[in-house]
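Please look over the sequence and the model shown below before reading on.

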Amino acid sequence: GGRIVYFFFEIMVFRIGGVRLIQVLQTLIITGIILLTAQIIMKNIGERNILQLPVIYILSFAMYGTFALFCAADGIYWYTSSVLYVWPFLPFLLGILINMQNQVKRRWINLAYMFLMFLAAFSQEQVAVLIIVYSVLDFSFELLLKKEKLEIALHGMIGACVGGGLEILAPGNFNRASNAMYSEFSNYNIIQKIKYNFPKLLEINIGDYNWIFIIILSVVLVEVCLQFEKKVFHRMVPVIWALILGIIYGRFNTIPEKITLCIKIVWCILFTTILILYFIKNSSWKMLALLIGGLCSQGMMLVIPSISVRSCLPFMFVLHIVSLNAMIEFGKIEKYKKLSILIMMCIGLYGIVNFSYILHGYWVNYETQQMNHYKLLEASYQKLETKEKSEIVLYKLLDDKFANIMQYREGYDYMIYWICKYYEIPENINFIWRDSLYWCEKNTK
């Protein structure tokens, strides 16, 4: 497989410091990604107002808080997924910032940028495509339009293409794709594959679970339209509001699937087209390269056999960056300043509330998770002392929403193998799952 670099990092972290160390590293990496996002936006828009800087940092943290629970549980708080889909953004964004700040031609900076792009792309398939497309476009824009940083852009493209190529072309990827469970999909032609995957791809990106974030993106799209001088873009604003109302209505009411699909398709076309034209108008080439790279990271999934919610994570991080960039630009227009402040406050408030909600849910489950963890450790130690258990009693979580996969849920029996593998306990051990309320009542007696 091509995911060896970040799996190596994960395995070493677990071996050295266990879950506690990976929690610390995860916190530092996500904080780094948020701070780098703010730095990139400040550099891109040329913001020097000392009063504006804290707003950009706060909004960057708030945008992270807008991740929907379903997406966060499947992609961020599940460490194996986060290592592949989230961690590569640290070297990627650091590389972009180095590129943007580099004003002097120095060979070591070029090599550092190349290494960071290589490290970021040698991670996971969607991330690899995003970074390859970004670096190729960045080099192309430098070549065709500015020619100011052609050398460093070339180094970045080489690093991304080599790292991403090793990831995508790894033999293990083809072996997995040819698995018997995907045989039916493999027999489809290209049109059938796209037709099969397109509704699923729309659902993971702009599905019902993510409807509030879609409203946020729609509000950003209205801000973008108002920044154009041409009236045709201003006339798009009522259309966007109508689409928002359609999405909200479809979230709480049953409407024909074809109508829902049409609304989502029209929204996607408008959002993509207007943003691309906006970044071209502003000569914001790095934002444009990021957006197109993010779109390609999702487009590639039209022809792959398996699509999961976490697959949208790379694009979500890109959307955070480009949306925040557009919001800050909108706030610089004097006649829209009050409206901009109101929108920023609403988004900031939602980000804090949503993040707190998710944090509280995981905190409620924490004690049960720790109890199960120590029981499994005990079973592992007893195995070493040749006092193997025939069964082990574990407890269900208080709220399954705040967890990715639990073995006691229907369809997840296969997790027994991985639990036994991780804790090094016999695979024939019998798991008895008791209701969490039973454990709570027992401890209050």
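## An exposed residue and its patch

Ile-191 is exposed, with a relative accessible area of 59%, where buried means under 20% relative accessible area, exposed means over 50%, and partly exposed lies in between (1.4 Å probe, protein chains only). This is a predicted model, in which local features need pLDDT of at least 70 and side-chain atom pairs count only at pLDDT 80 or more, while totals for chains, interfaces and linings use all residues. Residues are numbered from 1 along each chain as its sequence is written, and side-chain values use heavy atoms, with hydrogens and water left out.

Ile-191 lies in helix α11, and helices here (H or I, at least four residues) are DSSP runs numbered from the N terminus, as are strands (E, at least two). Together with Ile-190, Ile-194, Phe-198, Leu-261 and Val-303, Ile-191 forms a nonpolar patch on the surface, and these residues have about 470 Å² of accessible area together. Patches are made of residues with over 30% relative accessible area and no salt bridge, with like charges joined within 9 Å and nonpolar side chains (Val, Leu, Ile, Met, Phe, Trp, Tyr) within 5 Å. The accessible areas come from the Shrake-Rupley method with a 1.4 Å probe, and for residues only the protein chains shown count as cover.

## Salt bridges

Side chains of opposite charge can pair when their charged atoms come close. A salt bridge is counted when a side-chain nitrogen of Lys or Arg is within 4 Å of a carboxyl oxygen of Asp or Glu, and the structure holds seven of these salt bridges. The table gives examples.

| Pair | N to O distance |
|---|---|
| Glu-125 and Arg-3 | 2.5 Å |
| Lys-264 and Glu-203 | 3.4 Å |
| Asp-399 and Lys-401 | 2.9 Å |

In the salt bridge between Glu-125 and Arg-3, the closest N and O atoms are 2.5 Å apart. Glu-125 lies in helix α7 (residues 125-146) and Arg-3 in the segment before α1 (4-45), so this pair ties together parts that are 122 residues apart in sequence. Glu-125 counts as buried at 12% relative accessibility, and Arg-3 likewise counts as buried at 16%.

The side chains of Lys-264 and Glu-203 also meet in a salt bridge. Because Lys-264 lies in helix α15 (residues 257-281) and Glu-203 in helix α11, the pair ties together parts that are 61 residues apart in sequence. Lys-264 counts as buried at 11% relative accessibility, whereas Glu-203 is partly exposed, with a relative accessible area of 35%.

Asp-399 forms a salt bridge with Lys-401; Asp-399 counts as partly exposed at 23% relative accessibility, and Lys-401 counts as partly exposed at 44%. Elsewhere, salt bridges that share partners join Asp-138, Glu-142 and Lys-286 into one network.

## Two buried residues

Is Thr-66 buried or exposed? Thr-66 is buried, with a relative accessible area of 1%, and its place is in the loop between α2 (53-64) and α3 (69-75). Leaving aside its neighbours within four places in sequence, Thr-66 is in contact (heavy atoms within 4.5 Å) with residues including Phe-213, Ile-216, His-320 and Tyr-350. The side chain of Thr-66 also makes a polar contact with the side chain of His-320, at 3.5 Å. A polar contact is a pair of N or O atoms within 3.5 Å; within protein, one must be able to donate a hydrogen and the other to accept it, and residues adjacent in sequence count only if both atoms are side-chain atoms.

Ser-380, which lies in helix α18 (residues 337-384), is buried with a relative accessible area of 10%. Ser-380 and Glu-424 are 44 residues apart in sequence, and their C-alpha atoms are 5.9 Å apart in space. The side chain of Ser-380 reaches the backbone oxygen of Tyr-423 at 2.7 Å.

Helix α14 (residues 236-252) has 17 residues and reaches 25 Å from its first C-alpha to its last, close to the 24 Å expected at 1.5 Å a residue, where the expected span is 1.5 Å times one less than the number of residues. Among the buried residues of α14 are Val-237, Ile-240 and Leu-243, and what covers the buried residues of this helix includes α12 (211-227), α13 (231-234) and α15.

Phe-61 is found in helix α2 and counts as partly exposed at 39% relative accessibility. Not counting residues up to four places away in sequence, Phe-61 touches Thr-31, Ile-34 and Leu-35.
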